[in-house]
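Reader: Hi! Could you walk me through this structure in plain words?
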Amino acid sequence: MAAKRNAVTTEAPESSAPGEGTALALDSRLSKSVESVFPKKRHESLKWFGWGYNDSQFYGKDGIICFRGERYPLGGCELPSFTKWVEKKFDLVVDPTKPFPQMPRTYPRPVENEPFLHELKGTTQVDHSLEGIDRLVRCHGQTLNDIYSLWHHKFRRIPDLVVWPRCHDEVVQLVRLAHRHDVMLVPFGGGTSVSGAITCPQNESRMICALDTSQMNRLLWLNRENLTVCLESGIVGQDLERVLRKEGLTVGHEPDSYEFSTLGGWVATRASGMKKNVYGNIEDLVVRLRMVTPSGTLERECSAPRVSCGPDFNHLILGSEGTLGVITEVVLKVRPLPKVRRYGSLAFPNFEQGVLFMREVARRRCQPASVRLMDNEQFMFGQALKPEKSFWSSVVDGLKQRYVTSWKGIDLNHICAATLLFEGDQKDVERQEALIYEIADKFQGFPAGGQNGERGYILTFVIAYIRDFGLHQGIVAESFETSVPWDRCSLLCRSVKQRVVSECHKRSITYYTISCRVTQTYDSGACIYFYFGFRCTDVSNPVELFEAIEHSARDEILSCGGSLSHHHGVGKIRSHWYRNAVTETGSSLYSAAKRHLDPKNIFALGNLLPLEEVPPKAEVEPPSSSSSSSPPKAKL
């Protein structure tokens, strides 16, 4: 059932070490297969209509919200507090009788390019499928619009064909064929995009081919001396870490989508992980990249830790969002597994004090692996998600609340919390803990327990399941993020929430929630995550309404000095602002790179710049196909 295309760790032979004129991949005979967590037919394991595993889901039972599945701490739990929170916040009673969407019986008729299909079948060994369900589950990412469109069968265009290349050379063959026959390619990894980046352009008239990288998930080599590893781009985050942990190593990149997203997707969107304070963001972890374009393979020959030889074209690939080519192989830094992993949490009397604490921690560069600050709305939401407790546990919680309110004098309507994760050697963790708690005390913060910290950290992986359950019950909700300088952090949080409240009132939306958290800290600023949702049971076009309000919120973010995105990327839903964000000169530079690397615009996803602004197709001869194993290179 599961695809077997990963590989166990293998040392790179000295004679063919990377950086000595060789390609990133070594002889494939060095790789040994391990079992992937997902089958090739991804809908057998993952939901076709939403986020996550088929066996994990929020649902209603006897008027109580419950969680099905054993993969998460909430598995098998009834959540009466969460049920009450939903009823109070949205004036909505859970309806357990509402059916979930049914898989469609018919699918949009495929556009067929006969010369392309003939050559694909006759000259390659690439596996492919024309089945409707294979095409449907690869036509979208995970935006609210994507999921709503799935549920209501609104997609006019889905991929006409799905292909599963198994290695770099097969990607070279596919890109050449697509270029020759003018077939559009959609690189598809984990399908977790929340920017519309992999959603099929609905007006594309050419044949659309989804290039699924899931069978390119081998670990090609590991160099222990240099602490570097070469992996194929289709490897999923949890597979990557599982294989490395067996060797006592970790990459440490852990985005919220870690269970399902792929290495290639991390690179394509300039992803950030929850533990970036120790391990870095994806751009800090990448040593070398390999990307196949219609004009040749873009890669750098040298694996030195830093080079000064003109612009670093790794950064052309990073954040390219599938518009320039297919990322096939990545060399990353790895680190020894930490000996100690410890959770913690802090409570602050209000959000402003918490932000000052975060700023001081960043100023002193003493961040633990993860430190995330929740505002009061999000804190109360997290408390509501706790399963029902025994009598004595409830008594203990009552005493704790009395301690906070009576003895500490904190108003529960303003209290906020920070979750902490420490990783490293025992002495380093103890020293770091002491320093963090000392700094927190200066801003009226106090320890709130390791169990709360662990719950807060792990619950991150359940949030997206709540989005789908909300949609099922008549609530539209989604997150959006930004980064902002420290001197505008609190202002931006207040202004964006006020703007959302104003927009809701303007549209007569009575029941809604808007909250935020500070998730990443840097020397000069922070990443801010917003969560917004409203009851839509009496709204005819809920997603359009949500997007209009989010659009206003993004305008407010930009006017407060925030970025277009911190780690979700631009995709289609933020392309409206891209040209202003990078200036006319910057967008022209991107267009020039696009024209050079993809002259026929076969990677016509419409990300970054809207489709109408993408350079027109050019009649350019495809690269020579004399040798699939020796593609032309655009060396860095």
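Author: Happy to; we can go through a sheet, its helices, the cores and a pocket.
Author: This is a predicted model, where local features need pLDDT of at least 70, side-chain atom pairs count only at pLDDT 80 or more, and totals for chains, interfaces and linings use all residues. Residues are numbered from 1 along each chain as its sequence is written, and side-chain values use heavy atoms, with hydrogens and water left out.

Reader: Great. Which strands form the open sheet, and in what order?
Author: The order is S19-S16-S18-S17-S21-S22-S20, 7 strands with antiparallel pairing. At the edges are S19 (446–447) and S20, each pairing on one side only. Strands (E, at least two residues) and helices (H or I, at least four) are DSSP runs numbered from the N terminus, and two strands pair if DSSP finds at least two bridges between them.

Reader: How many bridges join S20 and S22?
Author: There are 11 bridges, in the antiparallel sense, between S20 and strand S22 (residues 525–535). Ser483 stands opposite Cys527 in S22.

Reader: Is S20 mostly covered or exposed?
Author: Mostly covered: in S20 (residues 475–485), 8 of the 11 residues are buried. Buried means under 20% relative accessible area, exposed over 50%, and partly exposed in between (1.4 Å probe, protein chains only).

Reader: Which helix lies across S20 and S22?
Author: That is H18 (residues 542–559), running at about 15° to S20. Axes are lines fitted to C-alpha atoms, for helices over the stretch in contact (heavy atoms within 4.5 Å), and angles run from 0 to 180 degrees between N-to-C directions.

Reader: New topic! How many residues are in the largest nonpolar core?
Author: It has 69 residues, and Leu373 and Phe348 are among those with the most contacts inside it. Apart from it lies another core of 36 residues, including Val251 and Leu289. A nonpolar core is a set of buried Ala, Val, Leu, Ile, Met, Phe, Trp, Tyr and Cys residues joined through side-chain atoms within 4.5 Å.

Reader: And what does Leu373 touch?
Author: Leaving aside neighbours within four places in sequence, Leu373 is in contact with residues including Phe348, Met358 and Val518.

Reader: Last one: which residues lie nearest the centre of the second largest pocket?
Author: Asn145, Gly196, Glu547, Lys572 and Ile573, out of 34 lining residues. The largest share of that lining, 5 residues, comes from H18. A pocket here is an open set of points on a 1 Å grid over the protein atoms alone, where a 1.4 Å probe fits, with protein on both sides within 12 Å along at least five of seven lines; lining residues have an atom within 4 Å of a point.
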